[in-house]
Amino acid sequence: MRNEIFTLRFNREIAKNTFEMTLSGDTAGIAPGQFVNIRLDGFYLRRPISVCDYSEGSLTLIYKVVGHGTEHMSSLTRGARLDLLTGLGNGYDTAPSGLRPLLIGGGAGVPPMYALAKALISEGKMPAVILGFNSAGEVFYEEEFRALGADTYVTTADGSYGIRGFVTDAMDRVRYTYFYTCGPEPMLRAVYGKSVTSGQFSFEERMGCGFGACMGCTCRTKYGNKRICKDGPVLTKEEIVW
Amino acid sequence: MVNTQVTLSGLTLDNPVIPASGTFGYGYEFAEIYDINCLGSFSFKGTTREPRFGNPPPRIAETASGMLNAVGLQNPGIDKVIGEELPKLRRVFHKPVVANISGFSVEEYAECCGRIDREEGVGIIEVNISCPNVHCGGMSFGTSPESAAEVTRAVKAVTSKPVYMKLSPNVTDIAAIARACEDAGADGISLINTLMGMRIDLKRRAPVIKNTTGGLSGPAVFPVALRMVWQVYNAVKIPIIGMGGVTTAEDVIEMMLAGATAVEVGAANLVDPLASKKIVEELPRVMERLNIENLTDIIGGAHNG
Ligand SMILES: Cc1cc2nc3c(=O)[nH]c(=O)nc-3n(C[C@H](O)[C@H](O)[C@H](O)COP(=O)(O)OP(=O)(O)OC[C@H]3O[C@@H](n4cnc5c(N)ncnc54)[C@H](O)[C@@H]3O)c2cc1C
Ligand SMILES: Cc1cc2nc3c(=O)[nH]c(=O)nc-3n(C[C@H](O)[C@H](O)[C@H](O)COP(=O)(O)O)c2cc1C
Ligand code: FES
């Protein structure tokens, strides 16, 4: 964990209620599948947001406005200074991916798939990506994933764009060696049921600290209790207890 | 040079700043980002005889200037705490720690306290009779003078280290309970634990916390905590560790003026992992500004004003 001050460079709406925020600051030690915990003026607890993309000195987050905290984030403008805890969580393990990993992101679970896709590609792997949304207006980052060279499928629940249905309706179209997924819990359960290989799941829980001190986010796994913020947010298919 | 030292039942601390139980784990997460030996001491996570998973999630909710938690005493149990956590903890923290103990029966309190009493690195035993998040235990011992005294007597009978009884604010007469603990032999009083509260999710029309209620802490509770420290100071002669919403060095001074000899810092560590360190560093500057030479001189100082 590190405590760093970041400066906001861009904050723009890229889809319905969905914002992309680019920050400059020290990104040392950040890895795909990890998250940052953001302090916001006027809010007691920090807000956990996944790392979407990063390079030396630059960090990109994508967040959906769902309440007062994310609403406040969407009102921040260029030059705003933000206090972040970075390098939180275990992140994805790319070692077991095989040559053709499948990345499945749903809604606010899409962002961490981007940094992961980049990392896998840099290791010479050829990921396929399924992005699931409710409707056409919520779709984001399809072009960005394609630009990386990843085979990209988009599903919408109402059929207004791409494949009609859920991410699981696109899973039959891809042959994959392993999978990685992040999204709402019902989606994670469906992916768990449908998947034919091993894989990794990223979970959410309400957090007090985000760095392992308060036991506010504990879940049970087959290998004992785990703190989503510290021993997660990524759990393997084998250890999950629904 | 100002003097920040304080003494709790013969144990001298470099400063009165002690991270509160449940908000500092066993110290490791914080040791990653600063040398926690700058602290006066710290109180580790509440320990019970058996390992406990605690309550189902969600366990946390945000409030105005604070938070609710319903962790429910998740801990690995006394065997693992003594066998694994304490040896590990000693590698990152070299001063005596405060051992926070909880229980579901008088016998369990006595058994755990008796065992922790033999641990070299433990300076003070803090007996939590005030956890609002567990049923049939915890807080139920801290809500009547009789049961608080019963636990105190049972623990004192099996320990040689100073015993501090940690009290609940969810009572009508805190002074009576503190007095009962003192009469039963307690060496000091710790207060306050969290105040019982709740939040409702408007969209789901259901409590945010799965356990329905949780314990409120953070700056929202500071004035309540301060008032209770004040009342207990008037009621007993034994030292008080004051806590509840402490966030700054000024808050530490205020708690001490109300009657605390040392101060615990809880929720502040969760939102700013450097909070306790910053308080330790600020304290001498604030003392100079307020013309305080010896911190011990101000304990209960507001009672004469
Ligand atoms: C590890 C992790 C990574 C995340 N990554 C992203 C991301 O990349 N993009 C994105 O849009 N969202 C992400 N979320 C969800 C995001 O944290 C919440 O949407 C956000 O905290 C809501 O804050 P609010 O004040 O707008 O909502 P409110 O409902 O007003 O928040 C009230 C409290 O509940 C907490 N809370 C509410 N919803 C959630 C939730 N789903 N998960 C955890 N805490 C919650 C808040 O942090 C706050 O403490 C992530 C959550 C976790 C745990
Ligand atoms: C997440 C959390 C867990 C806690 N766990 C314990 C515990 O195990 N034992 C205990 O005596 N108090 C526990 N407490 C209470 C604190 O030690 C402290 O008494 C209370 O939070 C008030 O201080 P604060 O306002 O500075 O947080 C916990 C508090 C929080 C926020
Ligand atoms: S949120 Fe505090 S331990 Fe996970």
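The structure is a predicted model, in which local features need pLDDT of at least 70, side-chain atom pairs count only at pLDDT 80 or more, and totals for chains, interfaces and linings use all residues. Residues are numbered from 1 along each chain as its sequence is written, chains are lettered from A and ligands numbered from 1 in the order in which they are written, and side-chain values use heavy atoms, with hydrogens and water left out.

A cavity is a set of points, on a 1 Å grid over the protein atoms alone, where a 1.4 Å probe fits but cannot get out; lining residues have an atom within 4 Å of a point. Grid points are joined across faces, edges and corners, and a volume is the space filled by probe spheres set on the points. The second largest cavity holds about 40 Å³ of space. Its lining comprises 3 nonpolar, 2 polar and 2 charged residues (Ala, Val, Leu, Ile, Met, Phe, Trp, Tyr, Cys and Pro count as nonpolar, Asp, Glu, Lys and Arg as charged, and the others, Gly among them, as polar).

In total there are 3 cavities of 30 Å³ or more. The largest cavity contains about 500 Å³. Its lining has 38 residues, and B:S21, B:T23, B:N69, B:N193 and B:T194 lie nearest its centre. Two or more lining residues come from each of β5 (66-69), β13 (214-217), β15 (262-265) and α8 (268-271) of chain B. Helices (H or I, at least four residues) and strands (E, at least two) are DSSP runs, numbered from the N terminus. By class, this lining has 18 nonpolar, 17 polar and 3 charged residues.

Ligand 2 lies between chains A and B. Polar contacts are pairs of N or O atoms within 3.5 Å. A polar backbone atom of B:S21 is 2.8 Å from an oxygen atom of ligand 2. The side chain of B:N100 places an N or O atom 3.0 Å from an oxygen atom of the ligand. For B:N128, a polar side-chain atom lies 3.1 Å from a ligand oxygen atom. The protein buries 98% of the 610 Å² that ligand 2 exposes when taken alone (accessible areas come from the Shrake-Rupley method with a 1.4 Å probe).

Ligand 1 has 19 residues around it, with A:P48, A:K64, A:T70, A:E204 and A:R206 nearest. A polar backbone atom of A:K64 is 2.7 Å from an oxygen atom of ligand 1. A polar backbone atom of A:G69 lies 2.8 Å from a ligand oxygen atom. A polar side-chain atom of A:S50 is 2.9 Å from a nitrogen atom of ligand 1. On its own, ligand 1 has 830 Å² of accessible area, and the protein covers 85% of it.

The shell around ligand 1 takes at least two residues from each of β4 (47-50), β6 (58-64) and α1 (68-75) of chain A. The largest share, 4 residues, comes from β4(A). Both domain 1 (2-88) and domain 2 (95-239) of chain A give at least three residues to this shell; the domain bounds come from an automatic or database domain assignment. The shell divides into 9 nonpolar, 5 polar and 5 charged residues.

Methods
A residue is near a molecule or strand if one of its heavy atoms lies within 4 Å of it. A polar contact is a pair of N or O atoms within 3.5 Å; within protein, one must be able to donate a hydrogen and the other to accept it, and residues adjacent in sequence count only if both atoms are side-chain atoms. On a 1 Å grid over the protein atoms alone, a cavity is a set of points where a 1.4 Å probe fits but cannot get out, and a pocket is an open set with protein on both sides within 12 Å along at least five of seven lines; lining residues have an atom within 4 Å of a point.
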